[in-house]
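Here are some comments on the model you sent. They are set out as numbered points, with the sequence and structure shown first.

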Amino acid sequence: MGSSDETALLDATGVAKSFGAVRALTDASLRVAPGEVVALMGANGAGKSTFVKILTGALRPDAGRVLIRGHDARVGSPAQARRSGLVPVYQEPSLIPDLDVADNLRLGDTPGDAVLHWVNELGIKGLRLDDMISDLPLATLRILDLARALASDPDVLLLDEMTAALPTDLVENVLRVVRARADEGCGVIYISHRFTEIAELCDSATVLRDGRTVGDLKIEPGVEDRCVEMMLGAKLSLDKRDTGAARQNKGVPRLRAAGIAVAPVVKDVSFELFPGEVLGVVALEGQGQDEVFDVLSGHRKPTSGTLEVDGAPMHFSHPADAIAAGLSYVPGDRAEALLRERSVRENIALPFSARLRDWGPLRSKHERQRVDHAIEKLQIDTRAQGEVQRLSGGNQQKVTIGRWLAHGVQTLLLFDPTRGIDVRTKRQIYPLVRELAEQGAAVLFYTSELEEIPLACDRAIVIFNGRVVDMIDASEATEEALMRAAYGLSEMDAAS
Amino acid sequence: MSRLLRKNAWMLGLLALLCVLLVITKLIQPTFGANGLESLARAALPFAFATAAMAIVVIVGGIDLSIASMMAVCGVTAAVLMQSMGPVPAVLITLIVGLAMGALNGALIVLTRVPDIVVTLAMLFVWEGVALLILTSPGGTVATSLRTLISGAMIPGVPNALIFMGVAVALVWVPIRRAKLGLSIYAVGSDELAAFRSGVNVARTKIIAYGLAGVLSAMGGLSLIMLTGIGEPVPGPYLLASVAAVVLGGVVLGGGRGGLLGPIIAVFILRIIRTILTLAAVDPNVTTIVEGVIMVAVVMLGAVLTYRGAQR
Amino acid sequence: MSDQPRIHADAGVETDLKRFGRFLADNPVIPLIAFLFLLIAVLEIMRPGIVTPFRAGRDGIISTFWVGNLIKFAIPLAMLAACQVLTMLTAGIDMSAGILATVSAFVCATLSPLIGPTPAVLVALSTGVVAGLVNGFGVGVVRVHPLIMTLGTGLIATGCLQVYQRFVISTGTLIPETLEWLGTGRTLGMPNGLFVFIPFAAAVLYLMRYTGFGRLLFALGSNEATTKLSGVRSWQVFLALYALSGLIAALAGLLYLGMIRTPSLSLANPLLLPSVAAAVIGGTSIFGGRGSFAGAIVGALILRVIDTMLTLLQMPEGARIALFGLIILLVTALYVRITGTR
Amino acid sequence: EGPYTIGVSNTVQGNGWREQMICAMRAQAAAEADVEGLIVAHRNTDAAGQLEDLNNLIEAGVDAIVLNPANPDALNSALDAAIAAGIVVVAVDAGVTAEGAYILSNNQEEYAYLGARWLFEQIGGEGEVVYMRGIAGVSADTDRDNGFQRALAEFPGVSVVHEVFTGWQQDQGKQQMFDFLATGIPFDGVWTSGIDNVIVDAFLESGAPLVPIVGADNAGFVQYLAEVEGLSGAAVTNPGSVGGAGIALAVDILNGNAPAETTVLVDPVLWENATAEGQETIAGALNPDLDPEWPVSVSIPGWTDYSMAEIIACEG
Ligand SMILES: Nc1ncnc2c1ncn2[C@@H]1O[C@H](COP(=O)(O)OP(=O)(O)OP(=O)(O)O)[C@@H](O)[C@H]1O
Ligand SMILES: Nc1ncnc2c1ncn2[C@@H]1O[C@H](COP(=O)(O)OP(=O)(O)OP(=O)(O)O)[C@@H](O)[C@H]1O
Ligand SMILES: [Mg+2]
Ligand SMILES: [Mg+2]
């Protein structure tokens, strides 16, 4: 527990930073004492990532003072930060894609054994030092990033939305390991939009709003509302959805998958998705959910199995085929979904020009209307809209959803759409998804945050080891039940 | 083992292609032998150095359009110097000149933040002009000791030119590839931001990579005058040829992937194709067509194979 | 509760200089045009009177309007730069543009006496389209790197031109009158080539900004995976793009033929590197996703002004060439500094 | 003896003069009964590339090599090897320094001297001239510069007001002349290194008064000399058919009829249109159907045995 009379490991005050006209930070401050885990909180675009980048020398501040163990410090580069004991895990994976794991570690002089130890500890099995980074899944990369940070024996660990792309089991491990490090005296700055994680891990919270530190809080039961109020400058009710009576699905399903298999991961995935329904998908990391979404979106051909849309059999050989059949896909990986140096408008309007017959003059009025509607619905922060890469991570994520919102959807395939999105916007996305469904769309919704299932879905299928092992109704979908199912435990129950 | 094989599949494929081409040469011209190999190796020398230079800057994520011009500068510098001093100091000075030119290219890229292709396009003209200022028309002299270095074969069947090339490139590249610097070069080429965040000094790495390209260009310029015996101020056709060989050799434009061996094998392939076409007395105009077709076809084949692989 | 994201009211904090810098960054053509005028001013100081339309030489009036010539020679260069800008938007490049222009010019001049000017022009344009389709097939379908693909087709086209050339050595050459009129004629002191170029430039600018096809070019250069996700079949775009680039190159070749009036086997080849230079000086990124044809036009004019300056400077050829490079570097470096773009 | 296989090496492609040279070689080879095959290495490259081609020709087992050398000194290693292997070496257009090689060359220095002297005389021995050269740093350009400077030294009243390199490119030359005309700095004559008809065009298109212009005997320029009102000028012959002559010489040597001298200089001739006599020569040389970049002088009397039609057919 940090208190002000101890010497802080890190004490930053009055940090400011502008990007052209965008003032990301105006007056941010933060302190971390040994053994303390401080949550850095704020809405999307509040400046959290910018703050972390400044503290670790990846960006130069316009103003501000940083003390490390009470001494003035000028952190000029990430390498220098590391030498001063400040070790970050940035929100974007910071590993070199074309080098293998060993070379990546050698680059930062990090001992390989220690990293492998931490990787194991964090629950990733079978990682080899000669694996190419570009071949590894996102979750593994995040874990590797963290393991690398841990292995370099940090005094202060800065974790920027480390867990956003992780499935529940891995999140647990991360929280456990980080807590243990803190107990050994390491200071931790922890950024996440998930209150459950913060409640479990953090001792205190520093809240940023519009680039300014608006206050510090002690984490204790019931602090959530107060915290949200500080983050947003307004109250937000966090009530649950009234799931009501279970839906009655009748007639022809919008989407029917029968016996889908993708060698070697997916073995047998079958489900039916009806118009007006939001069907959740629950799975731990690497159970085949990625491949299933790839098949549904036309990215990959299944080894066997059939797809039907509105009763007609479908064979997709290109995403365009899936889109023509009304299936719109929001991928989990933003790198895949965004034109980084193009504007928000162009990103959202992209599908309007996709087909050969749309190559002619743009219908700009039609387009502007739809795009503006989507921006408004999702409350995308358009301060830096000239280039999507200048948006904060959460706002980038919203753009990927906005694209299909503007285009209009029949069947929406959402792969972890709330990754890195702040509480307020999440609370707007669930009703949005519901609203789409009520208007007749069918939604397939994979999320790594189990608490979202009852908030957004009617039913959920559980995928374990490449098979659909269970189907849970929203009314019964407690986190515990989902977790059991996700670990494949309910199947064993049934067998015994 | 299979990993190693897969990693180097492209290079092994190129090597196999080279062997096939050698066999074809032998079939067309049964007298083709040690002499033929030797002149092949000599013809490949300037291309190999230009290609190695280009490969390094492409790996670091850039491109250097001024390589042929730097070769011309180094060629005339050495040829002029050797009129008044011994070969060893002249060669050393030339290598330093090459290093300085390359490093200047790199420094300009880093400092001005102008994209690599623009800076080196401008420097293409600057170095070309400098070469003409050093020597307005072909001239100068080259020590015979240097010229004999790349002729004949000390080890039967292995031309001296090949040994010279191997030793020179290896001296520059192997220690760097082994050291962390080599890793940094690949890292910067692969993902500059991630490299910076992993603690790599991006600016220094780039300048060094361009400097290395300068040194290799200097070797290319030296090999030119070793072949011809005089310095020529007009840049030869090495720029586009080196880009083609680099890509053919499996280095990805954009950076981070590939090595030097593949591109150098590609140089030999391109050279031997010309030999074959000459031996077969193909109409020279058709030769141009055939060269173009082969270049495109090999890369197409590679693209199709890797695409298939990715599609699984 | 306020739902709208807050906009910082920070206009007051920002200095005028910074704001001006940002204005320039948003309109990158403006500093380029300023450079152009600066260079022209330097030229006028070097050779007083060169820019003015009519002036007395020793033997009376010489009706040489230098600005007209500047524009005249910049037109084909700017057209080839359009090939580069369009392909660079998708992170490509068209290294065959110069040769395709030459092929088109040579084919037109040699076929005109045989089949008449109009069919010859059509055949010439179609050579460009066919070669462009080959490029597009290689890049879009087989996924060969554009640099290699276009380099390869350039080589192949050179060879074909050489072979073709042997059959028409003595058939004579004829340059269609319309092309001569476009290439050498003037209206109100301005080259007639503008009658082709202005609609052309307008069409390219429109294509890039206001059509779905233009959107896709930017999108493909920015992130091909994303365009695929959005339902774009990229091979269609590449095929159309490179065919268009070939067509533009062929058209530029025809105009150039009308201007130079000597169908040489290397007529437009030397325009290739300058066309790339004009595109990149004009702010087009070779890595795709960013580019401006207006900038490329100004870039072409700048290159031509530098050419004139150096032609008129009395200095050793080496110094001239080196100076050319240094000026290009200086212009782009200042440009990057002012606009803050890359 | 025969039949022989002859190798040809040339380092500039896509230039009318060089194309004619190659065609002359083909035509001459077709006309020679003893020649069985021609292996032509013809591309754009530098001296090192020509070395490669020469080595490939040696490897191909040719009996003779006829080359247009990129440089007189740079090719010795390959040429010495060829001569040592008993291969006859004939350099055409420019010389080589290899011992034992035969040279049948257009006299480039004389070429420039002849034209420049005519020009300086034409402008009355004083005034300013524009000097439009070829490619900086290339041997042929240096040779011609020597000739030009020699003539210039003989006319102290003449000075060079603009010196520029056209790169032997039509568009470059035309654009540069436009620039000179635009500056308004007066000049009295133009000497060009073979980029000539576009220079006349530049004058005509800008409406500037014509001055005497010296060029080469390219079909386009010769046509202008005959037809353009008010143009006084001269074409200096530089026949591409030295190539054919080279083949003839190589065959002679192979057949044991080697000439006493290893060097034969083909001296250029000047055709001017200022005198009636000259106009007649030009009228006789006109060939309106020929590619405008091709020299009109297609044969060298005593050295070549083919007809106009044969060289144009370019087969062999
Ligand atoms: N390179 C940049 N150029 C311009 N604006 C930028 C840049 N980087 C960040 N910004 C802007 O700075 C503001 C703060 O961004 P930052 O990434 O720090 O937010 P954040 O608090 O991490 O948000 P999120 O929760 O969405 O990750 C945002 O408005 C963003 O658009
Ligand atoms: N390319 C990506 N695709 C998918 N997930 C990503 C990607 N990059 C980062 N993430 C995950 O998303 C989370 C949020 O992204 P990012 O780090 O950009 O957010 P941030 O700037 O901190 O913003 P926010 O507060 O809006 O989440 C990260 O913690 C990371 O795990
Ligand atoms: Mg962030
Ligand atoms: Mg962010």
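**Notes on the predicted model**

1. Of the 14 residues in helix H5 of chain A, 13 are buried, so this helix is largely enclosed by the rest of the structure. Buried here means under 20% relative accessible area. The model is a predicted one.

2. H5(A) covers residues 138-151 and spans 20 Å from its first C-alpha to its last, close to the 20 Å expected at 1.5 Å a residue. Asp153(A) follows the helix and has a positive phi, near 50°.

3. Chain D holds an open sheet of six strands in the order S7-S6-S8-S9-S10-S12, and the pairing is mixed. Strands S7 (158-165) and S12 (270-272) of chain D are at the edges with a single partner strand each, so one side of each has no neighbour in the sheet. From one strand to the next, the twist averages 20°.

4. Within this sheet, S9 (residues 213-216) and S10 (residues 233-236) of chain D are paired in the parallel sense over four bridges. In this pair Val214(D) lies opposite Ala234(D) of S10(D). Helix H6 (residues 170-183) of chain D packs on the sheet, where it touches strands S6 (127-133), S7 and S8 (189-192). The direction of H6 makes about 155° with that of S6(D).

5. How much area do chain C and chain A bury between them? The value is about 3600 Å², with 58% of it on carbon and sulfur atoms. Chain C contributes 37 residues to the contact and chain A contributes 46 residues.

6. Three salt bridges are counted between chain C and chain A. Glu387(A) forms a salt bridge with Arg290(C), with the closest N and O atoms 3.4 Å apart.

Definitions and conventions
Residues are numbered from 1 along each chain as its sequence is written. Chains are lettered from A and ligands numbered from 1 in the order in which they are written. This is a predicted model: local features need pLDDT of at least 70, side-chain atom pairs count only at pLDDT 80 or more; totals for chains, interfaces and linings use all residues. Side-chain values use heavy atoms; hydrogens and water are left out. Two strands pair if DSSP finds at least two bridges between them. Helices (H or I, at least four residues) and strands (E, at least two) are DSSP runs, numbered from the N terminus. Axes are lines fitted to C-alpha atoms, for helices over the stretch in contact, and angles run from 0 to 180 degrees between N-to-C directions. Contact means heavy atoms within 4.5 Å. The expected span of a helix is 1.5 Å times one less than its number of residues. Buried means under 20% relative accessible area, exposed over 50%, partly exposed in between (1.4 Å probe, protein chains only). Buried area is the accessible area (1.4 Å probe) that two parts lose on being put together, summed over both. A salt bridge is a side-chain nitrogen of Lys or Arg within 4 Å of a carboxyl oxygen of Asp or Glu.
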